[in-house]
Amino acid sequence: MKKLNIYDQLNAATLLMVSPEWRKVKAARKAAESFETPDVAIPTETRTIAGRKIRLAEAGPADAPLLVLLSPFPESILSFTGSWEALTKKCRVIAIDLPGFGASEGDRHDMSPTAQGDHLAAIFNELDLHDIHLVGPDVGMGAALAYVLNHEHRVTSLAIGHGPGAPGPFKLAFMINMLAKFGFMRFSTGLLGAGPLIAFSSKLGAIRHRANAKQMDDYKRAYSGRVPEVVHWFKDLRAKATELADRVNEITIPTLVFWGDLDVMFDPSNAKHLDEALPQSKLQMLPEAGHLAWADQPELFAEMIIDWVETANKDL
């Protein structure tokens, strides 16, 4: 199994030292009751869909509401391990590693919300999915917004958070701003490789949870040798986000905006601006949760999503 090694930890520690947000996160992590994510089997498989090798997982009753989970970065669909069993008891769940992320095939040409939205259209069409409750955290938020804005979509409701597309100041962490602005930062991050990036994210993005060995192995394998391509997601991130933010008021389907109240990577103020701009939305902040809120609060996340799918989305 691949683990975070000394090289990964030392380089991540250097990045954290120059991140002004780390002090706040470090204090919150120290005060929180931490836990390791339980090892729950997720039945992953790789299929060729729309000409791409796409990793996905599917479970749950065939006649239950359809819930589609989109992978975050630099994690994968295994990031939903903590809430997997609860979600699959109530929903038919399909989790998808977005093209270029996790264990799905892709390259720098896939590193924009628009490209990801196009991929989702092709994937949903080929899998013949309808009446989708689409959950998109992190990079998945940009993909989900681009899909519903640019395509004749098949979505019944959205649940999005921690990603690009919020109107207003769009407050980001120092290191994300650096990656967005400067090519040399993307180049040097690509040279560092997968381990330091994963170690950095697992510290700055998590308050309560600690990824288990299987998850860490999966994340390192997924991004090994691919970081120079994947960091192109951050190139001109603000411009890409503005393209979405300028149009979110066109989204008329019920939308749940969720955010960890201690997220320092994508500031919680982004959630409030997004909620205010959406015509039909509900805002839910997850307490004692960072950027990886669905993993920090897996029980609350599952309860929130199940309630949203079953009843709350119909109340707006």
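Between which two helices does the loop that holds Gly193 lie?

**View 1. Gly193 in its loop.** Gly193 sits in the loop between helix H7 (183-192) and H8, where helices (H or I, at least four residues) and strands (E, at least two) are DSSP runs numbered from the N terminus. This is a predicted model, in which local features need pLDDT of at least 70 and side-chain atom pairs count only at pLDDT 80 or more, while totals for chains, interfaces and linings use all residues. Residues are numbered from 1 along each chain as its sequence is written, and side-chain values use heavy atoms, with hydrogens and water left out. With a relative accessible area of 17%, Gly193 is buried, a term that means under 20% relative accessible area, as against exposed at over 50% and partly exposed in between (1.4 Å probe, protein chains only). Gly142 is 51 residues away from Gly193 along the chain, and the C-alpha atoms of the two are separated by 24 Å.

**View 2. Asn212 at the start of helix H9.** Asn212 has its place in the loop between strand S8 (209-210) and H9, and at 4% relative accessibility it counts as buried. Asn212 caps the N-terminal end of H9, with a side-chain oxygen 3.1 Å from the backbone nitrogen of Lys214; a polar contact is a pair of N or O atoms within 3.5 Å, and within protein one must be able to donate a hydrogen and the other to accept it, residues adjacent in sequence counting only if both atoms are side-chain atoms. Leaving aside residues up to four places away in sequence, Asn212 touches Glu36, Thr37, Pro38 and Asp39, contact meaning heavy atoms within 4.5 Å.

**View 3. Helix H9 and its surroundings.** Helix H9 (residues 213-223) is largely enclosed by the rest of the structure, because eight of its eleven residues are buried. These buried residues are Gln215, Met216, Asp217, Asp218, Tyr219, Lys220, Ala222 and Tyr223. They pack against helix H1 (6-17), strand S3 (52-59), helix H3 (81-90), helix H8 (194-204) and helix H10 (227-230). Just after H9, Gly225 takes a positive phi of about 80°.

**View 4. The setting of these details in the whole protein.** The protein has 14 helices and ten strands. Of its 316 residues, 59% count as buried, and the C-alpha atoms fill a box of roughly 50 × 40 × 40 Å, taken along the principal axes. Residues 24 or more positions apart account for 79% of the contacts in the protein with a separation of 6 or more.
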